[in-house]
Amino acid sequence: EYGVYTKQLFTEQAGIDTMIRLDDGHIYALPTYSDIIQCNYSSRMWINDTFLEALGMEKPTTLEEFYAYLVGVRDNDVNGNGIVDDEIPYVAMGNWGGDLYTFIMNSFIPYNGRYEKVDIDENGTIYSVLNQDAFREGLSFLHKLYEEGLIYEGSISIDATGAQALGESGNGYAVIGCITGTGCSAGITGSEVYHQYSALAPLEGPDGLRQTPWYRYVNVREGVWMITSACEDVQTAFELGDFLYSYDSTMRLRHGEYGVSWIDAEKGQLTIDGRQAKFVKLIPYGNEVQNLHLDNDLMFYETRGVYLDDEAFGLVTDDLWDSLNLQWFMSEACKEYYIPYAREVVPSVTIPRDLQDEFNVISTDLTTYYEEWMGAFLVGEMDVDDDATWEEYLMGLNDIGLERYVEIYNEAYQVSPLQWGA
């Protein structure tokens, strides 16, 4: 009755009004919507092209070729500084999109590093990836890399800032062979050593699997705008939330003040795909403290145009590594290297209220358990290749309630409006 822009969101983005309803059919909170291509394909790897050239190699396309590259980086002075052992073959980080496991594990089994560790079979039934043979094979391969000194020992705990500093520790020489996650942004916000890196496509595994997670529904962040029972003017509160979905509000919240942070594009200033741009961003992307906009906070309706595709690139600056080109850099990497290998992640589901407590307890306990075991398998504290040890791990999953967890997830998924592959 009172919504204008909320209706626009529900009409233009089919399924959102259904997605945000609880199992009683009601909507209790409005979401933020942000269609950003590099968030849909966030598991990325960046490889040093200069190191590849020094080794006489092309970009790896298989795990075997990737392994050979890492060994080459470890055993040779590929950065040319006269020191053979200062190169670090493979670095990961604890930040979003940069974890150690996701990129490699998807050469063995569908694995997403951000949500529940489940997948779906050909019959539309949910199953856990945590007890699969292919999951074990992936862990074994990662342990091999770690044991042979091909993975940086701090990769489980280091964050993006630490990883960037590590990459700049070579006194002007690059030292990292490849890095997950935000390697490209380090190339723009960090030193020039990162200009040597480009995206690496998913790698083909032993059974021919070559894929990257497609986080299809990551654009919707639920539970952002709520009106409490104590609110004395519900209509005004809703209308304010509704206004936050407008183009004017979204641009102000996301990009800042018109004329200061952004301006209208002139005729001939083009978007990434060659269309006439709507706006030109004046303030470079960065993590510095500022008082111009709220970046990724509060609520907005951000189509890909608002965030990216309507922005003028190319004519903003001719320097590929200028911070104004950061989003272009990541978007182009996704289009060329990751979208061709995308596999949809099983959508999250709304667990029935009478099962939520049970499910959440099992899910939390499972996460703590498998993360501890994955770390132990990686560093060799537990032998992933030993059948008795693997059986002990599986028994622990069952004791926590893995079977019941999958049963509840399946029950919720079968009635969910969000269906894999739909």
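Visitor: In which loop is the place of Tyr 258?

Guide: This is a predicted model, and in it Tyr 258 sits in the loop between α11 and β10 (262-264).

Visitor: Is Tyr 258 buried, exposed or partly exposed?

Guide: The relative accessible area of Tyr 258 is 45%, so the residue counts as partly exposed. Together with Ile 263 and Leu 282, Tyr 258 makes a nonpolar surface patch of about 250 Å².

Visitor: How many helices and strands does the chain have?

Guide: The chain has 16 helices and 13 strands. It consists of 422 residues, of which 50% count as buried.

Visitor: Among contacts between residues at least 6 apart in sequence, what percentage join residues at least 24 apart?

Guide: The figure is 72%. A single residue can illustrate contacts of this kind. Thr 32 belongs to strand β1 (residues 30-34). Because its relative accessibility is 0%, Thr 32 counts as buried. With neighbours within four places in sequence set aside, Thr 32 is in contact with Asn 219, Val 220, Arg 221, Val 224, Leu 298, Met 299 and Phe 300.

Visitor: Let us turn to salt bridges. How many salt bridges does a search of the whole structure find?

Guide: The general idea is that side chains of opposite charge can pair when their charged atoms come close. In this structure the search finds seven salt bridges.

Visitor: With which residue does the side chain of Arg 343 meet in a salt bridge?

Guide: The partner of Arg 343 is Asp 119, at an N to O distance of 2.7 Å. As for accessibility, Arg 343 is partly exposed at 22%, whereas Asp 119 is buried at 3%.

Visitor: What is the distance between the closest N and O atoms of Arg 404 and Glu 358?

Guide: These atoms are 2.8 Å apart, and the two residues form a salt bridge. The pair links distant parts of the chain, for Arg 404 is in helix α16 (residues 402-414) and Glu 358 in helix α14 (residues 353-379), 46 residues apart. Salt bridges with shared partners join Glu 358, Arg 404 and Glu 407 into one network. In terms of accessibility, Arg 404 is partly exposed at 26%, and Glu 358 is partly exposed at 33%.

Visitor: The last topic is the sheet. What is the order of the strands in the open sheet of four strands?

Guide: In general, strands of a sheet pair through backbone hydrogen bonds, either parallel or antiparallel. The order in this open sheet is β3-β6-β2-β7, and the pairing is mixed. Its edge strands, each pairing on one side only, are β3 (88-91) and β7 (197-200). From one strand to the next, the twist averages 20°.

Visitor: In which sense do strand β2 and strand β6 pair, parallel or antiparallel?

Guide: Strand β2 (residues 45-48) and strand β6 (residues 176-180) are antiparallel, pairing over three bridges. Opposite Trp 46 stands Ile 179 in β6.

Visitor: Which helix lies across β3 and β6?

Guide: Helix α8 (residues 160-167) lies across these two strands, and it runs at about 165° to β6.

Technical notes:
Residues numbered from 1 in each chain as written. Predicted model: local features only at pLDDT ≥ 70, side-chain atom pairs only at ≥ 80, totals over all residues. Heavy atoms only, no water. Salt bridge = Lys/Arg side-chain N within 4 Å of Asp/Glu carboxyl O. Buried < 20%, exposed > 50% of the residue type's maximum accessible area, 1.4 Å probe, protein only. Contact = heavy atoms within 4.5 Å. Pairing = 2+ DSSP bridges. Axes fitted to C-alpha atoms, helices over the stretch in contact; angles between N-to-C directions. Patch = residues over 30% accessible without salt bridge, like charges linked within 9 Å, V, L, I, M, F, W, Y side chains within 5 Å. Areas by Shrake-Rupley, 256 points an atom, 1.4 Å probe, with all protein chains shown as cover.
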